[in-house]
Amino acid sequence: MRPVRRVAELGSFGVWEVEGPLRTTGFEEQEGPGPERVPPLGLVGSAALFVAGALLLFLTTQVAVPALVFATGAETVVVWFLAASIVLFGPLLLLAALLLARERRTGRPGSWGTRLWLRPMNGGDWLWAVGGLAVVGVLTAGIGAALGALADKSDLHPSFMAFVPLSPGRYWILGAWLPFFVLNIAGEEFVWRGVVLPRQEVAFGGRAWLVNGLLWLLFHAAFPWQVLVTLVPITLILPYVVQRRRSTWAGVIIHAGFGGAGFLALACGLA
């Protein structure tokens, strides 16, 4: 007989227990929405979403940012904060909301926290999140050092993120960055992990993190190839941790730690 365990599920009028087989894939099962609640998102649908995001990112970096810098004379990095918020993350969040609204119209029950893998983190989640962030940091630093020895270090940062290190009178840029930073991290993790990854898991099972990670790397195709190489660790490790723990919050922590440290290093002239 296959081993079974009792799993608590939240219904419309309370909590009841159901029995189910233990998985042998190593991925957490008890907190995630079941296949009957989440429609599958196959390769074609997944590629369409990430390619749409990649096109928005290309439009932002190659059209909107240069045009606004030319028109206003503002610092490129500040224009990036504004343009990305409006042209990229705004439409992405709207698309995610429409996808979720469509799911609701099909009559699939369940709480938003369960659907989006936003349950409170436990000790294991924190361990995986902090450990994942550490591994991403070490691997990225190693790749960056290797590439920096072969090419100009400026190639390791997108041109729209290049700016003179902050000095007295320019610390206001940190104030402009902070709301963008929250929108960037929360937006991407909400869309790519909270909305998309659970649906990919229904279609791809234990390999969903790999599909998600490779397509997330494609999403950054507007960046120089050197930047894409340095992004390989986070684009693969982060989705793995999120699916392993079924915790979008773990992805938020890894993404925020990585992105925040990177920007502050630029701001202080350390990268």
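In what order do the elements of the protein run from the N terminus on? Colour by secondary structure and you'll get β-β-α-α-α-α-α-α-α-α, which comes to 8 helices and 2 strands. Helices (H or I, at least four residues) and strands (E, at least two) are DSSP runs, numbered from the N terminus.

Quick housekeeping: this is a predicted model, where local features need pLDDT of at least 70 and side-chain atom pairs count only at pLDDT 80 or more, while totals for chains, interfaces and linings use all residues. Residues are numbered from 1 along each chain as its sequence is written, and side-chain values use heavy atoms, with hydrogens and water left out.

Now show the whole protein: of its 271 residues, 42% are buried (under 20% relative accessible area, 1.4 Å probe, protein chains only).

Next, select residues 123–150 and 248–267, which are helix 4 and helix 8. Their axes (lines fitted to C-alpha atoms over the stretch in contact) sit 9 Å apart at an angle of about 35°. Show side chains here: on helix 4, look for Trp126 and Leu133 among those meeting helix 8, whose partners include Ile253 and Phe258. Contact means heavy atoms within 4.5 Å. The residues of this contact split into 8 nonpolar, 3 polar and no charged, with Gly counted among the polar ones.

Last stop: pick Arg115, in helix 3 (residues 112–115). Is Arg115 buried or exposed? Buried, because its relative accessibility is 6%. A polar atom of the Arg115 side chain lies 2.9 Å from the backbone oxygen of Val195.

Key: Buried means under 20% relative accessible area, exposed over 50%, partly exposed in between (1.4 Å probe, protein chains only). Axes are lines fitted to C-alpha atoms, for helices over the stretch in contact, and angles run from 0 to 180 degrees between N-to-C directions. A polar contact is a pair of N or O atoms within 3.5 Å; within protein, one must be able to donate a hydrogen and the other to accept it, and residues adjacent in sequence count only if both atoms are side-chain atoms.
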